[in-house]
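Welcome to this short tour!

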Amino acid sequence: SRGGLRFMDYKILTQEDLLDIFPFGKSKLNQLLRSGVLPVVKVGRDYLINEKELDRWFEKNKGKEVFY
């Protein structure tokens, strides 16, 4: 079960949540976040993503190689 914050009907995942999901370290995750590949929102220094958007991103990119 993913952590995340609840906002209205959205489950918002933080960078810390993403570290639990992706099988690599913080520096690689930060590169991915800064690249614009993931559908994230940057608020100050933090990146946030709607859990449903992340699930859709995985479905859309299933079987593909992702470049960033």
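This is a predicted model: local features need pLDDT of at least 70, side-chain atom pairs count only at pLDDT 80 or more; totals for chains, interfaces and linings use all residues.

Residues are numbered from 1 along each chain as its sequence is written, and side-chain values use heavy atoms, leaving out hydrogens and water.

**Stop 1: the whole chain.** Switch to a cartoon view and look for three helices and four strands. Helices (H or I, at least four residues) and strands (E, at least two) are DSSP runs, numbered from the N terminus. Followed along the sequence, their pattern is β-β-α-α-β-β-α. The radius of gyration is 12 Å, close to the 11 Å that the globule rule gives for 68 residues, so the chain is as compact as a globular protein of that length. Here the radius is taken over C-alpha atoms, and the rule is 2.2 Å times the number of residues to the power 0.38. Along the principal axes, the C-alpha atoms fill a box of roughly 35 × 25 × 20 Å.

**Stop 2: the core.** Which residues make up the largest nonpolar core? Select Leu13, Leu18, Phe22, Leu29, Leu32, Leu33, Leu38, Tyr47, Ile49, Leu54 and Trp57, eleven residues in all. Such a core is a set of buried Ala, Val, Leu, Ile, Met, Phe, Trp, Tyr and Cys residues joined through side-chain atoms within 4.5 Å. Buried means under 20% relative accessible area, exposed over 50%, and partly exposed in between (1.4 Å probe, protein chains only). Now colour α2, β4 (46-50) and α3 (51-61), the elements that give two or more residues to this core. α2 gives the most, with three residues.

**Stop 3: Ile49.** Zoom in on this core member. Leaving aside neighbours within four places in sequence, Ile49 is in contact (heavy atoms within 4.5 Å) with Lys11, Ile12, Leu13, Leu18, Pro39, Val40 and Leu54.

**Stop 4: Gly25.** Select the loop between α1 (15-21) and α2 (26-35), where Gly25 lies. Gly25 is partly exposed, with a relative accessible area of 40%.

**Stop 5: Lys42.** Finish at strand β3 (residues 41-43), which holds Lys42. Is Lys42 buried or exposed? Lys42 counts as exposed, at 52% relative accessibility. Its C-alpha atom is separated by 16 Å from that of Lys11, 31 residues apart along the chain.
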